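Please look over the model shown here with this briefing beside it. The notes are grouped by topic.

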Amino acid sequence: MSTYDVEGVKQSLLERVASSSSPREVLKATEIRELYGAIGSLPPEERGAFGKQVNDVKVAVEAAIEAREAELESAEVEPLDITAPWDVNTQPPHLLPTQDGTQHPLTKELDNVVDIFTRMGFEAIESRQIDDDHHMFGALNFPEDHPARDGYDTFRTEEGFIPPAHTSTMQHRILKDGKAKLEAGGQIAAISYGRVFRNEDVDATHEHTFYQCEGVFVSKDATLGQMLGTLRSFFETYYGQALRIKTQPGYFPFVEPGLEFAIEKPASIGGKPGEWLEMLGCGMIHPNVLKEAGIDPTQYRGFAWGGGVERLVMLKYGIEDLRHFESAKLAFLRKFAS
Amino acid sequence: MIISVNWLKKFTHIDGTVDELATLIGARLVEIEGVEDLGAKYKDVIVAKVVESAPMEGSDHLNIAKIDDGGVRQGVERDEQGLIQVVCGAPNVRAGLLVAWLPPESIVPETFNAAEQFVLGAKPLRGVMSNGMLASARELDLYDDHDGIIEVDKDAAPGTSFAELYELNDYLLDIENKSLTHRPDAFGVIGFAREVAGIQGLPFQTPDWLNVLEATVENDGTGEAPHIKIEDPTLSDRFQAIVLSGINETAKSPIQMQTYLARSGVRPINASVDVSNYLMLLTGQPSHTYDYDKVRAVAGDDFTIRVRLAKEGEKLVLLDGKEVELDTSDIVIAAGETAIGLAGIMGGHNTIVDASTKTVLFEAATFDLYHMRSSQMRHGIFSEAVTRFTKGIPAPLSSPVVLEAVRMLQEYTGARATSPVVEDYPGVRQPITVTVSEKHINAVLGTHFSAEDIAELLGNVGFNVTFNGLEAVVTVPYWRQDIHIAEDIIEEVGRLAGFDTINLTLPRRDFTAVRPSDFDKLRSEVRRSLVRAGANEVLTYSFVHGDILKKAGQVPDNAYRVVNSISPDLQYYRQSITPSLLSHVFPNVKAGYETFALFEANKVHQKVDGATDEQVPVERDSIALVTTHAKAKGAAYYDAKRMLEYAVNSLGIVLMYRPLDGESDATYAPFEPKRSALVIDSKTQAILGIVGEYKKSVQKAFKLPEYTAGFEINPRELLASVKMVGIQYQPLSRYPGSERDVCFQVGQDVTYQDVVTPAEKTLAETGLITTLSPVDIYQPEDGTTKNITVRIGLISYEKTMTNEEVAAVVDKVIEAVTGATEGRVV
């Protein structure tokens, strides 16, 4: 056994830290150097255990130093009367000039979208920002290892949670929650909106973080014609003018048939006839998705759609770079003073 | 994927212009990302005949050729026989040869899509006039060939357009692959043509050879075929092979075939490889050839081709010479016990075909798409073949492909079958039938198709439709393994007829109004108030770099960690919004903004919050603000507090403040306890959040101006309080009110709240309408006391109060305050 009183050294160092005004100096103490030096002089079989002991001392001292530093830092801080309306000998605080205040153009547009859909009879539910594989994929008819999952470039956490790559991550919940209403003779009509994430490099037209809005409608007699009618109606309200639409087949495992939906670029944002804007993906909800939520697909049918929100904002103002949205740059934000 | 319109036209009629075709395909099949006019690239290339060719004097490799272009090119210098002089460095130029001539002023096709096009001229070369050039395959952008100029291999009169001769007056459709993940059939020109016929309402005629599903080949039996064994039927549905002898591995395929490969983005190599690629492009079925003798040598006594999973620690040198470590989920092809190929991805070097190969083993097989997908990712090999395997190749397809390959290889390489086709076929499947009623189809789509319409639309693309009363019984062709249920058939009908032809309606709904949720309304309200208060709303990332957590004094262990991010800035879920806001203060100050406030309403995630009933992490809503003044001195705390009160007072919430007393929450971590307060709803006593200035270390780490403070509150808690409290209305009085200012001198440690609480309590007992507001807070420089001046407002419901009555109330207030604070009135 070594003859070093490791515990004693530790206590002495901790005491020195606790009373020091420059605690980091204690790390240079000769005792520590001696302890490390001693490791080599021990028989090899004792070195491991002793080395660990010495290291524990160092860790404990470092933790104490950090605590002491915080204490010292805080000691210099003057407390203030947290209940007062202003500081002693000063004037009442002013708010900032109202004309400098701005709402983010994206949340403003999202308000607008949510407003139209609620008036059309759709409940609005904010989407989750961390979810599991089941809601993101499994419940939406994406078999495990299905190639369609690749297209979503999902992030993963250590625990296997997923930052959702689409607001459809709420679809299963909306369906489950609406089941009773449906079976009581009603309909499910809801949108989910919020932030989604894709693991990709950022440039002027790509972001790893963006916003989507998703819609779900289920009834006894929903049709694809109704879906296209509903979507056109939304965009016509949104742009305040009659619009032409077109579709193309799209593949999304959770709908069947699946379509991509485009509108002719409205004149109000500088569109000319024949210019098309791809707006969203949509389709009739796959029977497996209804089944998974306990809804009988032989009794009920539904449609769903989802699209990005940034695009609407960019088109509206002619914003040139997607990266501005999450930049928190006042130079950008203050362009949207109302 | 590139699809040639001319190639499609070999299999189906196409109406209208290429733009109309692209629009129709876009609406009914798949997105087209672009259309290239291939004809433009070859418009000036002319087939010419070399009439004489002689070496140029003084040059060791140049020849002077006289060519006959049939006299079609205008404005070129000609000799008395009408021939054109071209200097040519190719070793194979000779009299009698038909060549591709690039006349002066034409663009070299190889440079057609380059940043700078190369336009030919009529220029002397070593003093000898050369009018344009004779082109090699490379200059024609067909393939890399160093053997010299291209030798036209079709009969053609001089002056014929090269583009016309080789069907290069073509348009190329650039297809967006992603939306065809479920359609292996459309990854072949024939399958694509079938769809193009279908969406035009035309029946598709499958080429006869593709309908032959029995692989019977005439052979002399001199080649011994291996035994085929798929060890696990989940790895492969079918594996077919045949022995071909007498193959000439240096033979070239016809130029026509080469041009179809080249325009589809596949480089022609030699006839043997080209046939395999050509059939893959046509049908979607990849194939592979092994050197037969090498396979035998590797196999040793056990001449069995096995399809199996790789073994632990197994390695394989691939065709490209790279050695890969195989994973136990990789499928390999083995001869005997030894791997000779990474299935579907790349063959092994040990059985490579080379110029001396005389006998080959030709393979056509299908492999499990999920294994293909993971092996492709693992080894990072992305080829045309594996792209197709990852879509799931249908097993019946391999027979016609083997037969056609045998035919073509015989024609182009002289190979002949010396064994029958041998196979293992554990994945034999019965055709899928789906029953769907006409009513169901129309109900889902909102259409009025008749039974005949449905049968015709589906029949055009190879479905067999019979009717059992009103029920359509649809037999799905083998190449549509993606069709299983009625909805799949409904999609086909809608798509083939065109979703754009469907009548638009709106769902029938009742008149029940839907209101935004209370939470959404509250958040909007707070947001609007903060904007009115001059703050700027921001959105910042939900993920932060570990450094941001550290700078803010938060513990990474409490943050969900993202493990596969491509950027180090996206390491952790943020635990609160404040650190994100703080990281954006300095850049804005630096950009010249002196006074501003940033706020964000979003979600945050802390591991300590645990999981919901659904076993997903609890999410916290949060609203945070930071306000700064780059040049000011003093206590920014009160600015942040003022903004917070402004935002919540309009909701009817009256706030109280309590010192932080060891409460630990990651949200509080950046705040300096001595200059921060917990924000309390005075009615419910609920903690709504925190307001304050930041720790010195935090200020330093984020380079914050000294005068910076902020708050972070939980809007869910705020909503709960708003629901409990609401706006408290007091009826107005008909009588005028009075105001009195009172200045209390109290000890310097007495807080403003210490003065206000007893005063308000006393006022509340009077039954009057009362107000109490601050006027001044003064502390002499050297004093141990401070003066707090408040204004008391009193209104009676019953009368105009007299001076005496007012004084009586004020006296009571003074008594209460001085009693509680040991102060005095000055």
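**Backbone geometry and the interface between the chains**

Glu105(B) is exposed, with a relative accessible area of 64%, and this residue of the predicted model has a positive phi of about 70° although it is not a glycine. Most residues other than glycine have a negative phi, and most peptide bonds are trans.

**Backbone**

- Glu105(B) belongs to the loop that runs between strand 6 (98–102) and strand 7 (122–125) of chain B.
- Asp141(B), which is likewise not a glycine, has a positive phi of about 60°, and its place is the loop between strand 9 (133–134) and helix 4 (162–165) of chain B.
- With a relative accessibility of 34%, Asp141(B) counts as partly exposed, whereas Glu105(B) is exposed.
- In chain A, the peptide bond that leads from Glu256(A) to Pro257(A) is cis, with omega near -5°, and Pro257(A) itself lies in strand 5 (residues 255–264).

**Interface of chain A and chain B**

- The contact between the two chains involves 109 residues of chain A and 116 residues of chain B, and together the chains bury about 9700 Å², of which 56% is on carbon and sulfur atoms.
- Of the area that chain A buries against chain B, 8% is supplied by Ile82(A), Leu95(A) and Leu96(A), which is more than any other three residues supply.
- Nine salt bridges are found across this interface, one of them between Arg173(A) and Glu614(B), whose closest N and O atoms are 2.8 Å apart.
- Polar contacts between chain A and chain B, counted where both residues are at pLDDT 80 or more, amount to 57 residue pairs.
- On the side of chain A that touches chain B, helix 7 (residues 224–239) gives the most, with eight residues, and by class this side has 44 nonpolar, 35 polar and 30 charged residues.

**Arg301(A)**

- Towards chain B, the side chain of Arg301(A) reaches the backbone oxygen of Ala443(B) at 3.2 Å.
- Beyond its neighbours within four places in sequence, Arg301(A) is in contact with residues of both chains, among them Phe217(A), Asp221(A) and Leu290(A) in chain A and Ala443(B) and Val444(B) in chain B.

Key: Residues numbered from 1 in each chain as written. Chains lettered and ligands numbered in written order. Heavy atoms only, no water. Contact = heavy atoms within 4.5 Å. Buried area = accessible area lost by both parts, 1.4 Å probe. Salt bridge = Lys/Arg side-chain N within 4 Å of Asp/Glu carboxyl O. Polar contact = N/O pair within 3.5 Å; in protein donor to acceptor, adjacent residues only side chain to side chain. Helix = DSSP H or I, 4+ residues; strand = E, 2+ residues; numbered from the N terminus. Nonpolar A, V, L, I, M, F, W, Y, C, P; charged D, E, K, R; others polar. Buried < 20%, exposed > 50% of the residue type's maximum accessible area, 1.4 Å probe, protein only.
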